Amino acid sequence: MIDKAVPKGTWVQIHQQILSPDQRAPQVPADTAKVPLVMVTKGFLEKDGSRNENVAVKTLCGRVVEGKLINVLPRFSHDFGNAVPELLAIGPRVRALLEGGE
Amino acid sequence: MKDNSYQAVMARSNEIMKKAIGMDYSQFERGQLAFDYQAMMTEAGYSLEEVIAVQRETGVGNTPLYELKNITKLARINAPKGKGARIFLKDEASNPSGSFKARRAALAVYHAAKNGYKGVVAATSGNYGAAVASQAAIRGLKSIIVQEAFDSKGIYQPEIEEKGRACEAYGSEVLQLSVGPELFYVFLRVLEDTGFFNASLYTPYAIAGVETLGWEIVQQLQDQYSLKPDMVVVTNAGGGNLTGTARGLRKAGSDALVVGASVDLKGLHMASDQDFNRKSFTTGHTGFGVPFTTWPDRADVPRNAARPLRYLDRYVTITQGEAFYVTELLAQLEGLERGPAGNVSLAAAVALARELDEDQILVVQETEYTGAGKHVNAQLSFARKNGIEISVGNPADSVPGQSIILPEHPSQIQAVDMDMDDLRRSYLKHALGILNGAKPQPEDISFLAEDCRVTPEFIESFAQGVK
């Protein structure tokens, strides 16, 4: 499927590489030194653009930042997670302790 | 055209910082190592009365103080006869952005506005981002928050994703980075590009902002319960929470013992891409607490106003499982659903209460808001997904990055003391290392003694031992 153009003004997420692995600071541990330092941010598209293309966005504080368009109307993925049985067991157990005193 | 390479920007770091803080630290420098801490705090900071007035303007502070009667009762089970202090909690989640960090941000943003800056920048993956964003929103300043947020696979620590969302909600531009200390380079570039104020956590004003917290504890205990605090437990990371609270307690005339508490994350490297999502706490842990205690001047300002060794009576660690467990206790027994990172000191308090008499008063001085990502269930669920083993048993058997053990019984919660003299020796080793073999001058000796709360003789004998 070919991506349609994303219209100017759309809220998008952009990505840019800040440092390549060989530009990383000397003090970083070996695993970190193997990967680039990358940055993402969000803003309103300055002009019509497409995914994976370089675009400019205006951020919430009004700065213009450039990067590769990676997400349109990006979703927050964090949530409350799956139920954790070990956690659910705590309430009843401590209430019983308070009642029984043991 | 300006050279914006990593090396070039780092090389002009001092120049960028000076402009972005608008304060000349050299006026306080004395001797080779020494600087006049008290002068810096009084001349460059704000008085308690000024801080109270600034915070009132933006709704910061005056958070409720609760007595945790059920948790106290639970802590007394298996305590020696007559032991088990009354535990009180300062509900800092009631601040505008949901944590005590609003106190620091209130002063930083006020100071920025007063000095004509159009915006503020903060490098933080923690609650401070939302605090700065919220305070900037109130005062009509722009804000940019720079976060270390995800690993090289693009996986966010859920707590940081939530904090990033909160910053956006308050109108901040949020720059999110993969793992690594070079975040500081991005931070410097943003400061240079915008001319905004560096809302560092470690300036005299940011620390002065926390003094009201210590002050309120004393006032509220007196007004509401006619009591005085015997011990105040403070979650320790960069040292500002501890320093500011202790200074506020002293200003209110309290001589309560000040205990720092951190989550033990021994064995995990803070700059490691692979370790990044193997920890369930992004702050309040030993990965910040120990290095900042043993050498405060590693912060984003020339001289750190947060100097924990000056105020620490004890420094204890607890495990991740214990902090999660007490977070559940706080919700289940006290009806307060709060974020786990704010409950590190509560976990320590459950253990420390058993050492104190029943009529003594122990105050836990913070909570933080909770929500998606920043919730005990979110964190445990995320840890399990990342292969961390979660079980119920003795938390002392857990290994950071490999296992999280929730206590089976509240009596298993332990506060493990660090050796204060070891911390001091580590600090001194660092300090004398800077001298590179030169002899510390008398003013250096007295500064070092003050900075780690020992006698000048302790410093002299340590210095001789190093040679």
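A: Strands are DSSP runs of at least two residues, and helices are runs of at least four, both numbered from the N terminus. The model is a predicted one. With that numbering, A:Thr10 belongs to the segment before strand 1 (11–19) of chain A. Buried means under 20% relative accessible area, and A:Thr10 counts as buried because its relative accessibility is 15%. Its side chain reaches the backbone oxygen of A:Pro7 at 2.5 Å. Beyond its neighbours within four places in sequence, A:Thr10 is in contact with A:Gly43, A:Phe44, A:Leu45 and A:Val72.

A:Asn52 lies in the loop between strand 2 (37–45) and strand 3 (54–58) of chain A, and A:Leu73 lies in the loop between strand 4 (64–72) and helix 2 (85–88) of that chain. Most residues other than glycine have a negative phi. A:Asn52, however, has a positive phi near 65°, and A:Leu73, also not a glycine, has a positive phi of about 45°. A:Asn52 is exposed, with a relative accessible area of 57%, and A:Leu73 counts as exposed at 60% relative accessibility.

In chain B, B:Gln157 sits in the loop between strand 4 (142–150) and helix 8 (158–169). B:Gln157 is buried, its relative accessible area being 1%. Two partners may be named for its side chain. A polar atom of that side chain lies 3.4 Å from the backbone oxygen of B:Lys279, and a polar contact of 3.0 Å joins it to the side chain of B:Gln379. With neighbours within four places in sequence left aside, the residues in contact with B:Gln157 include B:Ala149, B:Phe276, B:Asn277, B:Ser280, B:Thr282 and B:Phe382.

Helix 10 (residues 204–225) has 22 residues, which should span 32 Å at 1.5 Å a residue; its end C-alpha atoms are 32 Å apart, so the two values agree. Of its 22 residues, 16 are buried, and the helix is mostly covered. Just after helix 10 of chain B comes B:Ser226, with a positive phi of about 55°.

Helix 16 of chain B (residues 420–435) has 16 residues and reaches 23 Å from its first C-alpha to its last, close to the expected 22 Å. Its buried residues are B:Met420, B:Leu423, B:Arg424, B:Tyr427, B:Leu428, B:Ala431, B:Leu432 and B:Leu435. Seen down the axis of helix 16 of chain B, these fall within an arc of 160°, so they line one face of the helix. An α-helix has 3.6 residues a turn, so residues three or four places apart point the same way. At the start of helix 16 of chain B, a side-chain oxygen of B:Asp419 comes to within 2.8 Å of the backbone nitrogen of B:Asp421. The helix is followed by B:Asn436, whose phi is positive, near 55°.

Aromatic rings complete the description. Over all chains, 14 aromatic pairs are found. One of them is formed by B:Phe197 and B:Tyr205, a tilted pair with 6.2 Å from centre to centre and 35° between the planes. Both B:Phe197 and B:Tyr205 are buried. In another ring arrangement, B:Lys374 lies over the face of B:Tyr369, at 4.8 Å from the ring centre.

Technical notes. Residues numbered from 1 in each chain as written. Chains lettered and ligands numbered in written order. Predicted model: local features only at pLDDT ≥ 70, side-chain atom pairs only at ≥ 80, totals over all residues. Heavy atoms only, no water. Expected span 1.5 Å × (residues − 1). Buried < 20%, exposed > 50% of the residue type's maximum accessible area, 1.4 Å probe, protein only. Arc of directions from axis to C-beta. Polar contact = N/O pair within 3.5 Å; in protein donor to acceptor, adjacent residues only side chain to side chain. Phe/Tyr/Trp six-rings, centres within 6.5 Å; stacked < 30°, edge-to-face > 60°. Lys NZ or Arg CZ within 6 Å of the ring centre and 35° of its normal. Contact = heavy atoms within 4.5 Å.
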